[in-house]
Amino acid sequence: MNRRWLPWLISALALAVIVAGIYFPILRKRLRQATQLPPQSEEQARRELTQTTPATTSGPMTKARLFWSSGAGDGSLMPVTVDLPLTNDPTMRAKQVLNTLLAGPVNPELRTLPPDAVLLAFYMLQDGTAIADFSEALATNTPSGIESEQMAVDSISKTLEANVPQVRWLKILIHGQEVDTLAGHLDLTRTFLVNAKPAPMTAASAHASAPAADSANQSASKSASGKPASTAAAQSKSATQQSLTPATPPGKLTQPVKKP
């Protein structure tokens, strides 16, 4: 090699070392930050697809009251006012406030529901019974214990009471099925009283909820009889429509409801 190129080669190598010394710490920092980000779970991805975004809903801006933990450590709840473009339709309105409740408060320590829980369906019956169908994460990721389980259900029922006056009773399903308990303690075979004096349901609101109610009734029929849902529904549609009333909760059609 011609020696006159040697100083240039040394200078180029020295420059490369300096550039690497500057860039390597930046690259290492970015990699560390990337590894600290939690991977998006399947439930979180599903929520992004199923939740109703307030910005896309029509309705006047309303001061909704959502109930999260008070932070006192005694299972008490605290109402928080949130501006939402709420519709007048009770079923859609309930979905809006419950999805916002699931999204959680600004302080994650005040969350009452698991971050991966998703509202899969919500519909109402003419008698004011509301059926909320949540993903399995609500049962599997809620901390086991009567206080934490009661706080989770109370946050749902109180949020509905404050924002959807048509709801009288609340029935909670997990992935379309009735389960015995939420996380081992709180009885979910019962219906929960939300409002002793609810506003009347309009015929239009009840009609809008009918397709979803039929679907859940079919699921309840299958759970109770072991027969395919479509067969059970075909045998008696009118009897099936009565299966999701407070007198006979879904999933266990022969078991009496325990009302508070």
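Student: Which residue in β6 stands opposite Leu170?

Tutor: Phe192 stands opposite Leu170. Strands are DSSP runs of E, at least two residues long; helices are runs of H or I, at least four long; both are numbered from the N terminus. Two strands pair if DSSP finds at least two bridges between them. Strand β5 (residues 169-174) pairs with β6 in the antiparallel sense, over 2 bridges.

Student: What should I know about the model first?

Tutor: It is predicted: local features need pLDDT of at least 70, side-chain atom pairs count only at pLDDT 80 or more, and totals for chains, interfaces and linings use all residues. Residues are numbered from 1 along each chain as its sequence is written, and side-chain values use heavy atoms, with hydrogens and water left out.

Student: How many strands form the open sheet, and in what order?

Tutor: In general, strands of a sheet pair through backbone hydrogen bonds, either parallel or antiparallel. Here 4 strands form an open sheet, ordered β3-β4-β5-β6, with mixed pairing. β3 and β6 (192-193) are at the edges with a single partner strand each, so one side of each has no neighbour in the sheet.

Student: How many bridges join β3 to β4?

Tutor: 5 bridges join β3 (residues 119-124) to β4 (residues 129-134), and the two run antiparallel. Ala121 faces Asp133 of β4 across this pairing. The two strands form a hairpin with 4 residues between them. In the turn, Gly128 has a positive phi of about 90 degrees.

Student: What span should the 14 residues of α3 have?

Tutor: The expected span is 1.5 Å times one less than the number of residues. For α3 that is 20 Å, and the end C-alpha atoms are 20 Å apart, which agrees. α5 has 18 residues and reaches 26 Å, close to the 26 Å expected. Gly104 follows α3, with a positive phi near 95 degrees.

Student: Is α3 mostly covered or uncovered?

Tutor: Buried means under 20% relative accessible area, exposed over 50%, partly exposed in between (1.4 Å probe, protein chains only). α3 is mostly covered, with 11 of its 14 residues buried. Among them are Ala94, Val97 and Leu98. In α5 the buried residues include Ile156 and Leu160. By contrast, Glu136 is partly exposed at 45%. Glu136 sits in the loop between β4 and α4.

Student: Which residues touch the most other members of the largest nonpolar core?

Tutor: A nonpolar core is a set of buried Ala, Val, Leu, Ile, Met, Phe, Trp, Tyr and Cys residues joined through side-chain atoms within 4.5 Å. The largest has 36 residues; Phe122, Phe134, Ile156, Leu160 and Ile172 touch the most other members. α3 gives the largest share, 5 residues. Leu160 touches residues including Ala94, Leu98, Phe122 and Leu170, with those up to four places away in sequence not counted.

Student: Where does pLDDT stay under 50?

Tutor: pLDDT is the predictor's confidence in each residue, from 0 to 100. The protein averages 76, and 66% of the residues score at least 70. Values stay under 50 over residues 40-56. Over residues 219-260 the pLDDT is also below 50.

How values were computed
Contact means heavy atoms within 4.5 Å.
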